[in-house]
Structure formats: C-alpha cells, structure tokens
Amino acid sequence: MNAGKFTNTLQEESPSIELTGITKTFPGVRALSEVSLKLYPGKVTALVGENGAGKSTVVKVLTGIYQPDAGKILLENKPVKFFTPQIAETNGVTAIHQETVLFDELSVAENIFLGHEPKGRFGLIDRSVMFARSEEILNEIGANIDPKAILKDLGTANKHLVAISRALSIDARVVIMDEPTAALSQKEIDELYDLIETLKSQDKAILFISHKFNEIFRIADFYTVYRDGQMVGAGEIDDVSEPELVKLMVGRDVNQIFPARERKIGERVLEVVGYEHPTEFSEIDFNLRRGEILGFYGLVGAGRSELMQALFGITKTSDGSIKIDGAMASIRSPADAVDNGIVYVPEDRGKQGAIGALPIFQNVTLPSLSKTSQNGFIKLAEEFKLAREYSERLDLRAASLDTDVGNLSGGNQQKVVIAKWLATKPKVIILDEPTKGIDIGSKAAVHEFMAELAAQGLAVIMVSSEIPEIVGMSDRAIVMREGRIVAELSQLEITPESLVSYAAGIREYVT
Amino acid sequence: MRRLIASREALLLLAIAIVLGIIASRFPAFITPTNLASVFNDTSPLILLAIGQMIVILTKCIDLSVAANLALTGMVVSLVNIAIPDMPIIFTMLIAISFGTVLGMFNGVLVWKLDIPPIVVTLGTMTIFRGIIFLLTEGKWVNSHEMSDKFKAFPRADILGMPVLSWIAIIVVILFMIVMSRTKLGRAFYAAGGNPHAATYAGINVGRTQFWAFTISGALAGLTGYLWVSRFAVAYVDVAAGFELTVVAACVIGGVSIMGGIGTVHGALLGALFLGIIANALPVVNISPFWQMAISGSAIIIAVVLNAQANRVKGRIILKRAEQAT
C-alpha cells in the first residue's frame, strides 16, 4: 500500500480518541515528550517500544491515572480532560491490564459492574438485573462463565474475559489491552484474537500493547512506535516490516557516553551449571570471569531477576550447582551468598535496598556486622570506620553519616546501597537495573563506578533492560527469553538489533 | 526523621513536665523526690512490659498476650512457692523468666514458622494462657497468707533507698538500651521492621528476628509476672486483665511506630512514665477516673497523629519515586 492510501484512511475516518502533544514529566525524568496517538473505531493500533519507552505512562494518561503536563486529549474531536479514572471510564475509555485488576473475592457479575451497578428501588443494587446483564455480555463474547461464580475460582484466561466484559458493560469506545497475552496459552490467545475481531466489528477502537511481533502483525491495523518518551513512527502495519519496526524501536542517537576502560579479564570466578526453577527459569549455564562485566538482557518477565535472586539464595532452585573460584558452593540464604562473596544490588531500592529509618552508617554496615562485632556486640568505632571508608569511596554527599537514608536523594540512596555491598568485599556483584529511574548525571556516575569495579578485578553481572547500557558497558551479554538463555553474545556481537531480535524471539541463536 | 523523633521524645518530656507542673500547683507534695520515686516504682511493671512490646512492634508485630503471660507466669511461681516455700528467690526469678520465655517462644514460633499474623496468634495465646490458669486453679485465688514472706518481700526490699522493683526496671532499661544500640540482634530488630525486603537481602532472617522479639517480650512478661503477684500478694485468673492495651498505649505515646522500624527504649520508658504519672496523679488531685481515661486516650491520639504526620512525609517521597520508576 502506498502513502496516498494512508492519508486517505486518515481523512475518511476520524479517530475515536486522539492524543496530541502530550508531555509528562516526573522529577528528573521526562517520561513523555510531546507524543501523539490516534485510535480509530473498529481498528487495532499496536503500540510498540522498549521497556521504559513511555507505553505505560501513556496508558495512564489515557485512563486518567496521570494528568499530562501539556497536550490535548480529543474524544471524537472534542477536547476532554480525564481528571480521574472514573471520568475516563464514563467517557468510554477502559483498560485491560497486564495483571488483571479485578477483585478475587467478588462474583463475576459484581466485578463486571463494580462502580456502575444497576440501581433498583431505594438506590439499592438490583442484583437480578446485574446478573442478567452480565450473562448477556458474557454470551456476547462467547464466554461460558457463570456470572455468580466467585472470581478467584476462575483461571487466568477467564479472568481476562471478565475484564473484557467489564469493558463492554460500560459501553466502551476505547479498549486498551496492555500485554493481554502475557499469561495466556496459545489456545486462549486464539480465543482472544476472535474476541478482538468481535470488538472491532462493534466499532470499538483498540490499543494493543505487546512485545510479541507475531501478534502485532497478526492482529494490528496500525502501529505507533515510542522511544524514550517520544513518538518515532506511526502508520499502517501493512507498510512496515519486522526489521523496520525493530529499527524504529531501538535506532537512536547514542546520547550517552560510556566510560572507556581497559579490559583485564582474569580467571573464572563463578560457574553456574544447570540451574533450574520449577516455574521461572531452566537450563541455565554460564560463567563469569574476574574483571568482566556480563550484561543480562531480556524483556520484562524473562526470568533475569528471578535467576539473580536464586544466585543470591533468596529464591530456591530445584536443580543445578554453582562453583566459586572452582570450588562447589552451597547457597541457601542471602547470608550464605554474602559469605561466598556474592552480593546483589536489587532493582527496587525503595523496597529492597535501603532502610529509610536507619542512618547511613548503619545501612552501610548492615551485611558486614559480623566483621565489626565481637560476641554479638558491635564495635562502634570500627563500624563507623568501615562506613566512612566506603561512603567516601562512593563520594556519598550527606551532612553526616548519622543522617537517615530516607532523607537522601535517589542517587545518594543508590550509593548507600552499593557502599553497603562493597563493604562486604565481594568477588561477584550483581547489579539489577542499576540506573533505572535515576537522572542522566547519576547514571554516568554509576557507569563509571561499574567500570572501576571491573578494573579492580571484581566480576560484575549487570541486569539491564536499557539497550544502550548493555551495548555500552558489557564485555559479554546473555539474552534471556521465557526463562531460558537464548543467546550469548561476544562484545562485537552485542548490537541493539541482535539484543531485541533474540529477546523477542525473532531470531534464533546458533552456536 | 531521627531529629523528628528526637523532638517528639523531647515533646513527651515537656508534656510530662507540664503535667507535673499542673499537679504541683494544686498538690505540691506530688513532686517530692519520695513521691516521684514511688510513682516510678508503681510504673515499673509497665516499663518492663513496654520495652518488650516496643521490640515486638519494631519488627512489625504486636504481642497482645503479655498481660496473660504475666498472669500465668505469676500463678505458676505462686503455686511453686506454695509447694516449696523456702526456695531461694533467685530460683523463683529464674523460673519466672524461663517460663515467660517459653510462652513468648511459643508465640514466636507460630509467627515465624507458620506465618500466622501476630495479632491473631497473640489474641489466641492470650485466651489460652488465661485458660491454663483456670485449669491449674479451677478459678481459685492464691492469697497473701499462702505465699511465703520471702516471696512477698523481695520486690519491696530496699537497696540504696529504692525498692528492688525499681532497680530491676532501671537495670532492664539500661540493658536494653545497650542491646538495641550495640548488638547485631538490636540492629536486626530495626532492619527487619524498617524494611523487611532490604533486611532479607542483607542476610537477616526476618522471621527469626521476630521470633527473638516475641521471646524477649515473653521473658520480660514472665519476670514482671513474679514481681506483680508478689507485690500485690495475690494471684488469680484475671490479674492484669486488659493491661496489654496500656502497654501498647505506652509504646505508641513513646513514639514507637506501629508500622515497625521506628522506636527507642527511652521512648517506651517515657511513654510508660507519662501514663504512670497520669494514673497516680489524678486521684490525688481529685479528678475522676473518667478524666484519667480521657487524658490517656487523648495522649494516644496525639501521639498517633504525630506519628502519622512523620510517616506521611516519608510516604510522599516514596510515591514520587514510584512514579519516577514507571
């Protein structure tokens, strides 16, 4: 199809909903920068982009959870403002989320009508009307579900159907599906496609967010690509090929400069053989050398964090072994891992990293207390010395080491967490999304620091969803998909295209 | 944050001073050293229990069974005293502490190994403990004349002008100030309650830490059990009924965050003293017991509001950060 046809389509039909010039800024991060999005009645638009491209943010703007700083939302060409999720819903915009947001203890019908229950006499809920209407809607989408069933007794696929019925019950004009197939089997996915066709025939505009290219090409009519909070492309799906779409997703000006470093790769320090987990990952084999930065790339849910938590003794494995410096090691708890020289800097530092109500020095020394104490009593002078040494090494800026960590900025909190782990004098340091949610300046500092650690002979595992970071920092990269290692790339092989292709399953790795 | 807590504890000290000032203006004898010492002595059991409770709350748990533990342990040592009237007091103390420890460990194991919410566990054991007293005694009282003189005299024995009961409270306060600030276990209590996830990652076993908190709370309740029944020279099923709530109130007034992770020994001490002074002073200045409850209640609400405000500032920061991450 040619460009003329494309323009034609746009003129013929006006979009059900249109976003123009939407900007949304969070402290230190511009999540969306003048993006636009158009959804047409009876059409499926696929929204494509890397993790962190702004897809979730735009969904939250569409559903009234976030207020944009600038830009307009046009609903059938009339400007509207979604101050609350309720307003978005009454205007016919509804979202079916990645993890279904429903109420386990309520019945199917109650879930479908929650917030807009049919009212009978005295303003009480008319249950018979509610059940009857639910049955109608469920039949309409071909779902064989009893409206009186309690939601928690349903499977994932049926819960999705309930979520979709809820969308229909409010007479939605715009249906947003955020990775709807993530938890479904192939058969259920096929049923979902049929359902999407039904919705299309009812002239509903559908926004379809997925990482899976085969789905996008099967179901979508239009595509829109976001990258780093900006819209970088849009058009008809028939006019674009998979490689072109990948290129739009990742092709960027490298605006981040990564530290140049001398690579001194030493002997093997960690060897993982046949690591297995009942549900999260399987057949994991890899090794790591001194002075090496090993990047782990994959889509969200590929099992990277779970694997790292297993290495650190938080998640139990069902099989496999681990060698450190050539000797078998048994890691059953985080304390074992720290004793064996493995430390883990988790992704969510607010939740898993620092203890806000404790002062800096107590946070820094928390995992090393055995070293600074005797018979269970802490030697305060030694504790303070250790804390001071590592805080200075990380250039931690705070009025005093007695300041509570909760009062520090995000970047400084990150430093506290890293200082805490370095103070244990580890051999292997696992950094899970080390620069997620921090500003560019702090990012550069973290990268420089990572290079410095490697130069000092530490083995670094860097789990990251940011492609430039993997490309710019890794000596070697492992790509995971659906709990398995699908590619191991040497430094020369690490390119944005190869990472995305392996992670999304477009390309198979051949050794 | 720390400064805010410090100021809250300073605030509490100020509140105590104001209350004392008001009472002194109407009844000057109240603030003589002798009387204040006697108020402290009266408050000692509350101080002991509040320290144990503070540690439990620090780890995001609650121990509602302290008063029942106190009553059961008190009854057990009383019965032992009837059986062996001449037993040296040191053994009575050891029995009381060990028995209370075992009861506390029972709570701790249920919370740790079976993962049952602490409020449910201790609500259950609270009833069970009092039930056991009934089974042991069929509801009969152990009265003053059945207890040996040595048994009754010990808490009142005078050392350097103060009764042993007060000295025990002072020693326990100092002991736990050291434990909380200078030991790995003390640090683990703060870490486990302040951020269980981060504590786990730092190699701290959160469940086991909670178990130790309940164990300490139980040990202190057991010790207090002996001191209580010997001081009042009576043991029965309903000893200290409802006292667990006063203990929790002392902690809350003392700035212990019910969400865990924040609290100090001196905060719990001040909270207990505040309630102790109110309880002792109001009857003296002829204010009805209703006002005593109203003042205690208002103090709790004011303390909770202050806590909530401090936490809300923290909450906002977290929210901002969460948004940033998406």
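This is a predicted model: local features need pLDDT of at least 70, side-chain atom pairs count only at pLDDT 80 or more; totals for chains, interfaces and linings use all residues.
**View 1. The six-stranded open sheet of chain A, with mixed pairing.** Reading across, the strand order is β6-β7-β8-β3-β9-β10. The edges belong to β6 (93-96) and β10 of chain A, and each of these pairs on one side only. From one strand to the next, the twist averages 20°. Helix α6 (residues 156-169) of chain A lies across β6 and β7 and runs at about 175° to β6(A).

**View 2. The hairpin of β9(A) and β10(A), with two residues between the strands.** Strand β9 (residues 222-227) and strand β10 (residues 230-236) of chain A pair in the antiparallel sense, over six bridges. Within this pair, A:Val225 stands opposite A:Gly233 of β10(A).

**View 3. A:Asp203, a residue other than glycine with a positive phi.** The phi value is near 65°. You'll find A:Asp203 in the loop between α7 and β8 of chain A. Is A:Asp203 buried or exposed? There are 12 other C-beta atoms within 10 Å, so A:Asp203 is exposed; the cut-off for that class is 12 or fewer.

**View 4. B:Ala240, which has a positive phi although it is not a glycine.** Here phi is about 55°. The residue lies in the loop between α10 (206-232) and α11 (243-253) of chain B. B:Ala240 counts as buried because it has 23 C-beta neighbours inside 10 Å, and the class begins at 20 or more.

**View 5. Helices α7(B) and α8(B), packed at an angle of about 70°.** Helix α7 of chain B covers residues 164-182, helix α8 of chain B covers residues 184-194, and their axes are 5 Å apart. Angles of 65 to 115 degrees count as roughly perpendicular, so that is the label for α7(B) and α8(B). On the α7(B) side, the contact is made by B:Val179, B:Met180, B:Ser181 and B:Arg182. On the α8(B) side, B:Leu185, B:Gly186 and B:Phe189 take part. By class, the contact residues divide into four nonpolar, two polar and one charged.

**View 6. The four-stranded open sheet of chain A, with antiparallel pairing.** The order is β12-β11-β14-β15. At the edges stand β12 (284-289) and β15 (327-329) of chain A; each has a single partner strand, so one side of each is left without a neighbour in the sheet. Direction ignored, neighbouring strands of this sheet are turned by 20° against each other on average. Strand β11 (residues 268-276) and strand β14 (residues 319-324) of chain A run antiparallel and are joined by five bridges. In that pair, A:Val272 stands opposite A:Ile322 of β14(A).

**View 7. The domains of chain A.** Chain A is divided into domain 1 (9-92 + 172-250), domain 2 (104-170) and domain 3 (267-341 + 466-511). Taken over C-alpha atoms, the centres of domain 2 and domain 3 of chain A are separated by 43 Å.

Notes
Residues are numbered from 1 along each chain as its sequence is written. Chains are lettered from A and ligands numbered from 1 in the order in which they are written. Two strands pair if DSSP finds at least two bridges between them. Axes are lines fitted to C-alpha atoms, for helices over the stretch in contact, and angles run from 0 to 180 degrees between N-to-C directions. Two residues are in contact if their C-beta atoms, placed from the backbone, lie within 7 Å. Domain bounds come from an automatic or database domain assignment. Angles under 35 degrees count as roughly parallel, over 145 as roughly antiparallel, 65 to 115 as roughly perpendicular and the rest as oblique. Ala, Val, Leu, Ile, Met, Phe, Trp, Tyr, Cys and Pro count as nonpolar, Asp, Glu, Lys and Arg as charged, and the others, Gly among them, as polar.
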